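Here is a short briefing on ligand surroundings and salt bridges. Please look over the sequence and structure first.

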Amino acid sequence: MALISAPKMLTATAFSQLFLLSTYSILMHCYSSEAAVRPPQTTEMVLYFQDIIAGPNANDIPIVGIPGTAWSFTQFGTVFAADEPMTKTPDPRSAIIGRARGMYLISALDGSSAQAVFSILFSNRAYNGSTLEIQGTGKLLDKVVEYAVVGGTGKFRFARGYATLETIPVDEVHAVVQFNVTVRHD
Ligand SMILES: *[C@@H]1O[C@H](CO)[C@@H](O)[C@H](O)[C@H]1NC(C)=O
Ligand SMILES: *[C@@H]1O[C@H](CO)[C@@H](O)[C@H](O)[C@H]1NC(C)=O
């Protein structure tokens, strides 16, 4: 009995040691690759779009619409192109953080809501060259609309989140849009 069971025990011990060793190395491998890749982060920002709809400095302009209709903010099918500076404070002379570039379409038949698709292109030191992709629908008369952050590049790879936009009129052609964004990313 003793002669037979001794090698068996040895084998069992050797096997479990090997098993423990490999488990250990797998665990260490997981820990070291987790240490190399940063965990997802959450970034929150408040920025201001300078929106100008008419005059020599217009940056938010209707480009196409249904033939025979007067292209406007309340006419279904009107598409606007926009390229607006994003500033650090509501003051248009404050530091420029980047630009909001894209388009929106009056998407409700009764003209009450719009579909927006645009990119935030950062040019400040912290996020220079990185972008966020914003998409969503909002009622034109709502004081605050919320859009989804559906992606990003650079510092914002794998971005997901949301943004609220609150329009604060300055005069007949100029509005400041307070853009609060919360984004999770790598
Ligand atoms: C951002 O990147 C561009 C192109 O690489 C460079 O010319 C510019 O100086 C950078 N801006 C800042 C604020 O770092
Ligand atoms: C956006 O952020 C500012 C500053 O934190 C805050 O005062 C404001 O209420 C926020 N807007 C919305 C719609 O949450």
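Which polar side-chain atom lies 2.4 Å from an oxygen atom of ligand 1? That atom belongs to Asn-128. This is a predicted model: local features need pLDDT of at least 70, side-chain atom pairs count only at pLDDT 80 or more, and totals for chains, interfaces and linings use all residues. Residues are numbered from 1 along each chain as its sequence is written, chains are lettered from A and ligands numbered from 1 in the order in which they are written, and side-chain values use heavy atoms, with hydrogens and water left out.

**Ligand 1**

- Ser-123, Arg-125 and Asn-128 surround ligand 1 (a residue is near a molecule if one of its heavy atoms lies within 4 Å of it).
- The protein covers 27% of the 370 Å² of accessible area that ligand 1 has on its own (Shrake-Rupley method, 1.4 Å probe).

**Ligand 2**

- Around ligand 2 lie Val-46, Val-144, Thr-164, Gln-178 and Asn-180.
- Ligand 2 exposes 360 Å² when taken alone, and the protein buries 43% of that.
- The shell holds two nonpolar, three polar and no charged residues (Ala, Val, Leu, Ile, Met, Phe, Trp, Tyr, Cys and Pro count as nonpolar, Asp, Glu, Lys and Arg as charged, and the others, Gly among them, as polar).
- Asn-180 places a polar side-chain atom 2.2 Å from an oxygen atom of ligand 2.

**Salt bridges**

- The whole structure has four salt bridges (a side-chain nitrogen of Lys or Arg within 4 Å of a carboxyl oxygen of Asp or Glu).
- Arg-101 pairs with Asp-83, with the closest N and O atoms 3.0 Å apart.
- Arg-101 lies in strand S4 (residues 96-106) and Asp-83 in strand S3 (residues 79-87), so this pair ties together parts 18 residues apart in sequence (strands are DSSP runs of E, at least two residues, numbered from the N terminus).
- A network of salt bridges links Asp-83, Arg-99 and Arg-101.
- Glu-166 bridges to Lys-143, the closest N and O atoms being 3.0 Å apart.
- Glu-166 sits in strand S8 (residues 160-169) and Lys-143 in the loop between strand S6 (131-139) and strand S7 (144-153), so the pair ties together parts 23 residues apart in sequence.
- Asp-91 bridges to Arg-93, with the closest N and O atoms 3.2 Å apart.

**Exposure of the partners**

- Arg-101 is partly exposed at 38% relative accessible area (buried is under 20%, exposed over 50%, partly exposed in between; 1.4 Å probe, protein chains only).
- Asp-83 is partly exposed too, at 27%.
- Asp-91 is partly exposed at 30%, whereas Arg-93 is exposed at 74%.
- Lys-143 is exposed, with a relative accessible area of 58%.

Key. A polar contact is a pair of N or O atoms within 3.5 Å; within protein, one must be able to donate a hydrogen and the other to accept it, and residues adjacent in sequence count only if both atoms are side-chain atoms. Helices (H or I, at least four residues) and strands (E, at least two) are DSSP runs, numbered from the N terminus.
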